[in-house]
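Here are my notes for you on this one. Keep the model open and follow along point by point.

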Amino acid sequence: MSTSATHPVITSSTSQTPKLTIRVGTRKSALALKQADFVVTALSKLHSTVNFEIKGMHSAADKDKVTALYKFGGKGLWTNELEAGLRADELDIIVHSLKDMPTSLPDGLVLACVTEREDPRDVVVVKKGLEDKYKTLSDLPPGAVVGTSSVRRMAQIKRRYPHLRFKDMRGNIDTRLRKLDAEDSEFSVLILAAAGLLRMDFGARIAQYLESGTEGGGMLHAVGQGGLGIEARADDQTTLDLLKSIESREAMLAAEAERSVMRTLEGGCSIPIGVETRWISDDKLRLTATVVSVEGTEAADAEMIEEIKTPEQAVEFGKKVAQQLVDGGAQKILDVINVDREASRDKAEPWVPA
């Protein structure tokens, strides 16, 4: 018998009461699976009578290991296959790295929950053997190679350190660290998200944290970075109610504001929009944002503080910050990046499975 497209699966149990099973979708990377397990563990502690099944899938970006991330279309890069499973009633929820989740979701799907946020900052990781020589970005000599797959990170670092070189670095966290540390590696450092390193127990590799107030750093992180976003069907009230038990109100409201900035500017995860949100009192949120050209030579910056108590207020706040960016020249920068991406999208060699 087929299952309703709007309800989780009910399975029989040893008792006479049917048992609810929630099918949890995730990417198959080690980090994604660990994040899904974190969510399932948290839910299981609060809902001991519910079964949870983790189902991994490969995304388009997982399959293509050659094309630089910013040359993809950006929207749905990590999520399309999973969302198809959710809409087809093959999954009940999807656990996303929130920074990879499109800001506009397919009809019938919603961002149902954001859990407590891990450290959202970007960090510097130094190649083994160079740790005593380099501690920060400012220590790097002219021509030193920085590894990153993020145009946002490249643009912001070029803005302050135009003498550095950049090379694309893709792969899972452990793969990137192996590439960095290889004897013949040309990389001096990698720029990665603190959250992923901490979740995978690589925190000891962090040499420098980058944020707006870091001397010589001045980096703003990606929209949603450090957060886990859980996507569900809008009409699946049973699952929506269940997810409320692990939601962080502060993380959810900050995420809504950040995502509203990106949505308003029509940027995907490949667009160099950097943000930083901080609660400066119980209900007052400070949102700082930047858009930087790929060369690091042009930038638009914005910062506002506003009282935020509801998701609707957070969305409107994000729109105001986005408008401040536009007034400062952000749209011109984004238009140039979009033209370049469209012109170069077909130039990468096709990926061939190993």
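1. Start with helix α8, which is mostly covered: 13 of its 17 residues are buried. Buried here is a cut-off, under 20% relative accessible area. Do keep in mind that you're looking at a predicted model.

2. Now follow α8 from end to end. The helix runs over residues 249-265 and reaches 25 Å from its first C-alpha to its last. That is close to the 24 Å expected at 1.5 Å a residue. Step just past the end of α8 and you get to E266, which takes a positive phi of about 60°.

3. A bit of background for reading any helix: an α-helix has 3.6 residues a turn, so residues three or four places apart point the same way. Have that in mind for the next point.

4. Which residues line the second largest pocket? They are T103, L105, L109, V110, L111, M252, E256, R259 and R263. α8 gives the largest share of this lining, with 4 residues. Strand β5 (109-114) also supplies at least two, as α8 does. By class you'll find 5 nonpolar, 1 polar and 3 charged residues around this pocket, and the space inside comes to about 180 Å³.

5. Next, the largest pocket, where about 320 Å³ of space lies. It has 16 lining residues, and the closest to its centre are R117, E118, P120, T277 and R278. Two elements give two or more residues to this lining: α8 turns up again, along with β12 (273-279). Here the largest share, 4 residues, comes from β12.

6. Finally, zoom out to the whole protein chain. There are 10 helices and 14 strands in it. Of the 354 residues in the chain, 52% are buried. The chain exposes about 16,100 Å², and carbon and sulfur atoms supply 50% of that area.

7. One last thing, about contacts along the chain. Take the contacts with a separation of 6 or more: residues 24 or more positions apart account for 70% of them.

Notes: Residues are numbered from 1 along each chain as its sequence is written. This is a predicted model: local features need pLDDT of at least 70, side-chain atom pairs count only at pLDDT 80 or more; totals for chains, interfaces and linings use all residues. Side-chain values use heavy atoms; hydrogens and water are left out. The expected span of a helix is 1.5 Å times one less than its number of residues. Buried means under 20% relative accessible area, exposed over 50%, partly exposed in between (1.4 Å probe, protein chains only). On a 1 Å grid over the protein atoms alone, a cavity is a set of points where a 1.4 Å probe fits but cannot get out, and a pocket is an open set with protein on both sides within 12 Å along at least five of seven lines; lining residues have an atom within 4 Å of a point. Grid points are joined across faces, edges and corners, and a volume is the space filled by probe spheres set on the points. Ala, Val, Leu, Ile, Met, Phe, Trp, Tyr, Cys and Pro count as nonpolar, Asp, Glu, Lys and Arg as charged, and the others, Gly among them, as polar. Contact means heavy atoms within 4.5 Å. Accessible areas come from the Shrake-Rupley method with a 1.4 Å probe; for residues, only the protein chains shown count as cover.
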